[in-house]
Amino acid sequence: ILDYKNIALKKDAINNNKPKIKKKRKKNKKQPQQVNGNDTQNKKVVKMTSMPQHDQTKGLKRKNETSTEVQEQLDMDQHLQEVWKEYGNSVQKRKEENTLKQRMMNLLNPSRFRYMNEVLNNNTSTESKKLFQKNPKSFINYHETYKLQTVRWALNPLDVIIDSINKMPKNYIIADFGCGDATLAESIQQKTHSFDFVSLNDRVIACDMAHTPLLRDSVHVVVFCLSLMGSNLSDYILEANRVLKKDGILKIAEVESRFDNIDEFIKLLKIYGFSNTWKDLSKNLFYFLDFQKIQDITTTSKKNKLPKITLKSCLYKKR
């Protein structure tokens, strides 16, 4: 039988003989004192207070620099927005001004064109030449307005003449009287002499069309496309007779309203040495006439006894 009493006494003796081990007590961490009851702010305070003084100053400096940069960026963004807004307003204002200016020009151009036609028809070629040479800008404005008018036409008479000359031999020499910006010369393959009161480009020779620098009997074709304008049209036709070769061609395109009687005009040009070979009176607004030189009258005594050639001022519909 086990002696439970002796076993218990032995166990106590063994336990009493063991070395005692002191347990280390855990120190409670000191809780940070709350500031204004805000835990996030308290943490920042603890962090800052635990940092060395030098690091605290450096951190504050970085924070101030960052705040300054952000503020500068905001100021720059605001400035750019103001500049962009001002630019947009100026662009819109210019568009409105240009639109108004274009409207005014559209109203003034037809009136100015009709006025210049009146001046050209009532002046001699010598007077018109002096006028435009004194003020070349007025000549440029006139032709700019002329181009605006041609856009509104259902048919540009110069296109008809270009098609006709392109069917002629390539060795023909052409003289364009009243050429403007020399569109005819640019549109055909034949050698072309281009004349007008003012030279708009290097293809144009500035001169009085009643007295061109061409030699006698030197060209195959003379063109008057809406350019029989002046009180001395007889001098234009005489100059055409002088420079054309025998059997040379005189091509005329004019506004139909300028003719009182087209048959009388054809008879009149026969006295000036030209025979009518073709005519097209079917086109709206314009007449097209071709003549052939049958006689050189510039060397005869008939020159001083020729009847005067006149045409009415151009009549364009007001738009």
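**Reading salt bridges**

Reply: Start with one pair. Arg216 and Asp296 join their side chains in a salt bridge, at 3.7 Å from N to O. Keep in mind that this is a predicted model.

Me: Why does the pair Arg216 and Asp296 tie together parts that are apart in sequence?

Reply: Look at where each residue lies. Arg216 is in the loop between strand S3 (204-206) and strand S4 (219-225), while Asp296 is in the segment after strand S7 (286-293), so the pair ties together parts 80 residues apart in sequence.

Me: What is the general idea behind such pairs?

Reply: Side chains of opposite charge can pair when their charged atoms come close. Here is another case: Asp217 and Lys293 form a salt bridge at 3.2 Å, N to O. Asp217 sits in the loop between S3 and S4 and Lys293 in strand S7, 76 residues apart, so distant parts of the chain are linked.

Me: Is Lys293 buried or exposed?

Reply: Buried means under 20% relative accessible area. Lys293 has 2% relative accessibility, so it counts as buried.

Me: Which residue does Lys283 meet in a salt bridge?

Reply: Asp280, at 2.5 Å from N to O. Lys283 is partly exposed at 31%, whereas Asp280 is buried at 14%.

Me: How many salt bridges are there in the whole structure?

Reply: A search finds eleven.

Me: Which residues form the negative surface patch?

Reply: Glu69, Glu72, Asp75 and Asp77. Glu69 belongs to helix H3 (residues 53-122). Its relative accessibility is 53%, so Glu69 counts as exposed.

Key:
Residues are numbered from 1 along each chain as its sequence is written. This is a predicted model: local features need pLDDT of at least 70, side-chain atom pairs count only at pLDDT 80 or more; totals for chains, interfaces and linings use all residues. Side-chain values use heavy atoms; hydrogens and water are left out. Patches are made of residues with over 30% relative accessible area and no salt bridge: like charges are joined within 9 Å, nonpolar side chains (Val, Leu, Ile, Met, Phe, Trp, Tyr) within 5 Å. Accessible areas come from the Shrake-Rupley method with a 1.4 Å probe; for residues, only the protein chains shown count as cover. A salt bridge is a side-chain nitrogen of Lys or Arg within 4 Å of a carboxyl oxygen of Asp or Glu. Lys and Arg count as positive and Asp and Glu as negative; His and the chain ends are not counted. The place of a charge is taken as NZ of Lys, CZ of Arg, CG of Asp or CD of Glu. Helices (H or I, at least four residues) and strands (E, at least two) are DSSP runs, numbered from the N terminus. Buried means under 20% relative accessible area, exposed over 50%, partly exposed in between (1.4 Å probe, protein chains only).
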